[in-house]
Amino acid sequence: MLNALTDNKIIIAGGSGFLGISLAHHLIDLGASVVIFSRHEPKASGDWRHVAWDGRTLDGWQHELNGAAGLVNLAGRSVNCVKTPDHQDEILRSRVESTRVLGAAMRSIDSPPPVWVQMSTAHIYGDPPADVCTEESAEGYGLAPFVGKAWEEAFSDSVLSTQRSVVLRTSFVLGKNRGAGGGALETLALLARLGLGGKVGKGTQGMSWIHEWDMNRLIEQALTHTDMQGMFIASSPYPASQVEFMRELRRVVGMPIGLPALSWMVRIGARFLLRTDPELALYGRYVVSKRLEENGFEFKLPKLREALQTTLDQSAPTPTA
Ligand SMILES: NC(=O)c1ccc[n+]([C@@H]2O[C@H](COP(=O)([O-])OP(=O)(O)OC[C@H]3O[C@@H](n4cnc5c(N)ncnc54)[C@H](OP(=O)(O)O)[C@@H]3O)[C@@H](O)[C@H]2O)c1
């Protein structure tokens, strides 16, 4: 397929994980030549080239950026963990330091990519129980907003004044496991299949989400549309409450029962059985983008049921065009 990306080199920093591998397949299908920067060799296989970096020092990888058509920076330690002090530290540093070193790399080469697409988080708005946040909303309070702000500040200090920049405040991405993890939906789908996918805590906390196909199309658009600039919320126009989300998920996995979990059960179960942060389940947010609509972005899978069906039907390939 001939596309604006055909034969163009795109760098995906932090591209060895769930989202990076999904994006790499998408861009390769469009004819791009993809280079992944990560500390470890990707577990998945595909037609990309892997370049090792440590995400914090310039030690030879920077020349790969010279002449590239675009950079997408996804690097960051997973937040799906118990928030011990050392994990919190790594969550912050992995994002800030990798962004800063990419900025230093840009300044060390002759021909930096004309566009830098930067991952950020919709959790920057914190956990308001009912408000619907847009790009105009105030940022929130707590670890995730603190990290999100530091990440975006590192980006604005690092991006070149000559570069077009797009920041994507991304919500929960629904996607398939291509050998590099499948995100939090894998755990939720397992709980739903076991009959444990009911109301969590109050159940009214928002679950904002985006399907990987739309996420990849949005990054593609950010790379190729020269009028796209600035910060956008990357999330479907139809966020759901936790109760609604799990009801749709149970329907898609064919499990009529979903036992509820009280807050104290989640606090014990998440920490000791799932080894993750209970607050990820007990709190949430409703986000929608005003700017994507204004920029003419059309979601292919805006509705939750269809997005879940497309994701969880392992035999159905994720559409790319
Ligand atoms: N998945 C979602 O629903 C979602 C939603 C919103 C935002 N995001 C953000 O999108 C990015 C990618 O998410 P993902 O789901 O693909 O995560 P993932 O599967 O955990 O992949 C994370 C990537 O970051 C790299 N990384 C991890 N720790 C690092 C460190 N200390 N220093 C440098 N690089 C490090 C990993 O490669 P190596 O470990 O090999 O270096 C990998 O390439 C993350 O920044 C995440 O916060 C994800």
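Modeller: The model is predicted: local features need pLDDT of at least 70 and side-chain atom pairs count only at pLDDT 80 or more, while totals for chains, interfaces and linings use all residues. Residues are numbered from 1 along each chain as its sequence is written.

In total, 27 residues surround the ligand, and the closest are Gly17, Arg39, Gly55, Gly76 and Ser94; a residue is near a molecule if its C-beta atom, placed from the backbone, lies within 6 Å of it. Two or more shell residues come from each of helix H1 (18-29), H2, strand E5 (115-121) and strand E8 (172-174). Helices (H or I, at least four residues) and strands (E, at least two) are DSSP runs numbered from the N terminus.

Of these elements, H2 also packs against another helix. The axes of H2 (residues 85-106) and H3 (residues 143-158) come within 8 Å and cross at roughly 10 degrees, with axes being lines fitted to C-alpha atoms over the stretch in contact and angles running from 0 to 180 degrees between N-to-C directions. H2 and H3 are therefore roughly parallel, a label for angles under 35 degrees. On the H2 side, the residues that meet H3 are Gln88, Ile91, Leu92, Arg95, Val96, Thr99, Arg100, Leu102 and Gly103. Their counterparts in H3 are Leu143, Val147, Ala150, Trp151, Ala154, Phe155, Asp157 and Ser158, where contact requires C-beta atoms, placed from the backbone, to lie within 7 Å. The residues of this contact divide into 10 nonpolar, four polar and three charged.

In H5, 11 of the 13 residues are buried, so the helix is largely enclosed by the rest of the structure; buried means 20 or more other C-beta atoms within 10 Å of the residue's own, with C-beta atoms placed from the backbone. Among the buried residues are Trp213, Met215, Arg217 and Leu223.

Definitions and conventions
A residue is buried if 20 or more other C-beta atoms lie within 10 Å of its own, exposed if 12 or fewer, and partly exposed in between; C-beta atoms are placed from the backbone. Angles under 35 degrees count as roughly parallel, over 145 as roughly antiparallel, 65 to 115 as roughly perpendicular and the rest as oblique. Two residues are in contact if their C-beta atoms, placed from the backbone, lie within 7 Å. Ala, Val, Leu, Ile, Met, Phe, Trp, Tyr, Cys and Pro count as nonpolar, Asp, Glu, Lys and Arg as charged, and the others, Gly among them, as polar.
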